[in-house]
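Work each one on the structure before reading its solution.

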Amino acid sequence: MQNRMKVKTSAPVWRKEDRTGHIYRVAAEIMCHKGYEATSMNDIAEAVGLTKAGVYHYIRGKEDLLYQIMSFGMDMVDQDVIEPARQIADPELRLRTMIDRHATRIMEQGGAVTILLEEMTALTPVHHRVIRNRKRAYFEMFRMALDELKTEGKLRDLDPTVAAFSLFGMIMWISRWYRRSGALSPNRVAPDLIEIAMNAVLKSPSDALPRLPVTPSRRAAGTRRG
């Protein structure tokens, strides 16, 4: 057997945006594990293989880092979920697409950034307002799709706002329980999540059928079974 020649590989060349995204993801994981207040810039620098001064080349401080992580997360939602969904006229398909694409992104990329999107109390008032407005705009896309489904007579007897918050919570909770190292793959989980979500808000075909009147004999039979 011939000896294979060992090829010395150099460290990857990072574009600034690649390195920045890497810092955001790693910092988010550390903050989720240790907590925002307990995480130091030294922790982050060590984890990403930079000096503390090197980290400050990309960010201005810890609060700014938290805001940038949240902005990064919303940018990814804009790119991977919102923009594709805006191209879909049918509200049912649009809703399915948003659930599918957002759930899959969380499972494939990890949930740390999603979890940190809830840590808004540490932001400055200006940063808090920016992130809140971006999240609100995304939420409105869900509610708008549900409003359209209600107009079309496809929505269950639900308040679209309540339904939108419920679907939002279902998607965001994935970051709390899904493990990329586990047995469940995104391709296996996403279809089940979509079916659970859509069956929860859409009328089933049986809902369109007239209900049979309860006759005395059927009422008596039901009483005997009970």
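**Exercise 1.** Within what distance do the axes of H8 and H9 come, and at roughly what angle do they cross?

Solution. The model is predicted: local features need pLDDT of at least 70, side-chain atom pairs count only at pLDDT 80 or more, and totals for chains, interfaces and linings use all residues. Residues are numbered from 1 along each chain as its sequence is written, and side-chain values use heavy atoms, with hydrogens and water left out.

Step 1. Take the axes as lines fitted to C-alpha atoms, for helices over the stretch in contact, with angles from 0 to 180 degrees between N-to-C directions. The axes of H8 and H9 come within 10 Å, and the crossing angle is roughly 160°.

Step 2. Classify the angle: under 35 degrees is roughly parallel, over 145 roughly antiparallel, 65 to 115 roughly perpendicular, and the rest oblique. H8 is therefore roughly antiparallel to H9.

Step 3. Assign the hand: left-handed if the near helix is turned anticlockwise from the far one by less than a right angle, right-handed if clockwise. H8 passes H9 in a right-handed crossing.

Step 4. List the residues in contact (heavy atoms within 4.5 Å). H8 contributes Ala 163, Leu 167, Met 170, Ile 174 and Trp 177, while H9 contributes Val 189, Leu 193, Ile 196, Ala 197 and Val 201.

**Exercise 2.** Describe the crossing of H4 and H7.

Solution. Step 1. The axes of H4 and H7 come within 11 Å and cross at roughly 20°.

Step 1. The two helices, H4 and H7, are therefore roughly parallel. Their crossing is left-handed.

**Exercise 3.** Which residues touch the most other members of the largest nonpolar core?

Solution. Step 1. A nonpolar core is a set of buried Ala, Val, Leu, Ile, Met, Phe, Trp, Tyr and Cys residues joined through side-chain atoms within 4.5 Å; buried means under 20% relative accessible area, with a 1.4 Å probe and protein chains only.

Step 1. The largest such core has 34 residues, and Leu 95, Ile 99 and Phe 142 touch the most other members. Two or more residues each come from H4 (62-86), H5 (91-109), H7 (125-151), H8 (160-177) and H9 (186-201).

Step 2. Beyond its neighbours within four places in sequence, Leu 95 contacts Phe 142, Ala 145, Leu 146, Leu 149, Leu 167, Met 198 and Val 201.

Step 3. Another core, of 29 residues, lies apart from the largest one; Met 31, Val 55, Met 120 and Leu 123 are among its members.

Methods: Buried < 20%, exposed > 50% of the residue type's maximum accessible area, 1.4 Å probe, protein only. Helix = DSSP H or I, 4+ residues; strand = E, 2+ residues; numbered from the N terminus.
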